[in-house]
Amino acid sequence: MIRHSSLPKLAQCPCYESNPVAGPAAERGSRMDAAFRALLQGKPVTGDLTTEELEAVMWAVDTARDIADGADIEADEAKLKVRTPGMEHEGTEDARCESEAISFDLKSGSLRSYYEQAAAYSLGNMERTFEENWTFVLLFCDQREFSRIEFNHAQASAVVSEVLASATDPNRKPTACEYCSWCRKSDTCVARTAPVVETLAVVETPALSLEALKAEIVADPARLGLDRKSTRLNS
């Protein structure tokens, strides 16, 4: 089933499949998400975070509260489920300020585009609340940067529909992209292996040796005559 978090990857490669084994970066992100929710609820942080990671999460908490401008922020994971039309899998947001029609998503690691994921959550929330517009805020805590993306229903629906149509197209083909190393098919995908095989075929093609060239010229009297006018070949 397609998850909300998979949409940005599927937008780049319609054949992308999430690796079931979470790597260190994903595990770190999960710990920081849990700390983000805990701090927003005034609860103690139980995850194993470094001082630097905790400071990054605290920045995200302060930023979310500033953006909410005093309005209540829901951070109870059980109350942050979102069901988006066309998607069987239910998503879970990091936090939400419903009175202001704003969702918050903590992002750790490198800066990336999460536009399609933001559209899916926003669409689900608009369907649920009958709001005409929704704002999705990405909190890039390691960089201390945030991004606001605003959607109306038609915009969000168009984004999600396009990705889902491409990902479920029976004739879809893989495309090499920045998420290849995260895909469970990274070692066998033709989009990655075919270019390598072609390159190796070129590299491994033996070059024409001087001895072979001599033999070819000697076997062709016409070429031999022309060649003798321009140079001498050592036998």
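Good morning. I begin with Tyr121, which is buried, at a relative accessible area of 6%; buried means under 20% relative accessible area, exposed means over 50%, and partly exposed lies in between, with a 1.4 Å probe and protein chains only. The model is a predicted one, in which local features need pLDDT of at least 70 and side-chain atom pairs count only at pLDDT 80 or more, while totals for chains, interfaces and linings use all residues. Residues are numbered from 1 along each chain as its sequence is written, and side-chain values use heavy atoms, with hydrogens and water left out.

What is the partner of Tyr121 in an aromatic pair? Tyr121 and Phe136 form a stacked pair, 6.0 Å centre to centre with 10° between the planes. Rings of Phe, Tyr and Trp (its six-membered ring) pair if their centres lie within 6.5 Å; planes under 30 degrees apart count as stacked, over 60 as edge-to-face and the rest as tilted. Phe136 is buried as well, with a relative accessible area of 1%. Because Tyr121 lies in helix α4 and Phe136 in strand β5, this pair ties together parts that are 15 residues apart in sequence. Helices (H or I, at least four residues) and strands (E, at least two) are DSSP runs, numbered from the N terminus.

I turn now to strand β4, residues 102-107. Six of its six residues are buried, so the strand is largely enclosed by the rest of the structure. Ile102, Phe104 and Leu106 are on one side, and Ser103, Asp105 and Lys107 are on the other.

Which strands pair with β4? Strand β3, residues 95-97, pairs with β4 in the antiparallel sense over three bridges, and Cys97 stands opposite Ile102. Two strands pair if DSSP finds at least two bridges between them. In the hairpin of β3 and β4, four residues lie between the strands, and Ala101 takes a positive phi near 55°. Strand β5, residues 133-140, pairs with β4 in the parallel sense over six bridges. From β4 the chain crosses through helix α4, residues 115-129, to β5, and this β-α-β crossover is right-handed: with the strands pointing away from the viewer, the path from the first strand over the helix to the second runs clockwise.

Finally, Lys107 stands opposite Phe140 in β5. Lys107 also lies over the face of Tyr114, at 4.0 Å from the ring centre. A charge sits over a ring if NZ of Lys or CZ of Arg is within 6 Å of the ring centre and within 35 degrees of the ring normal. Thank you.
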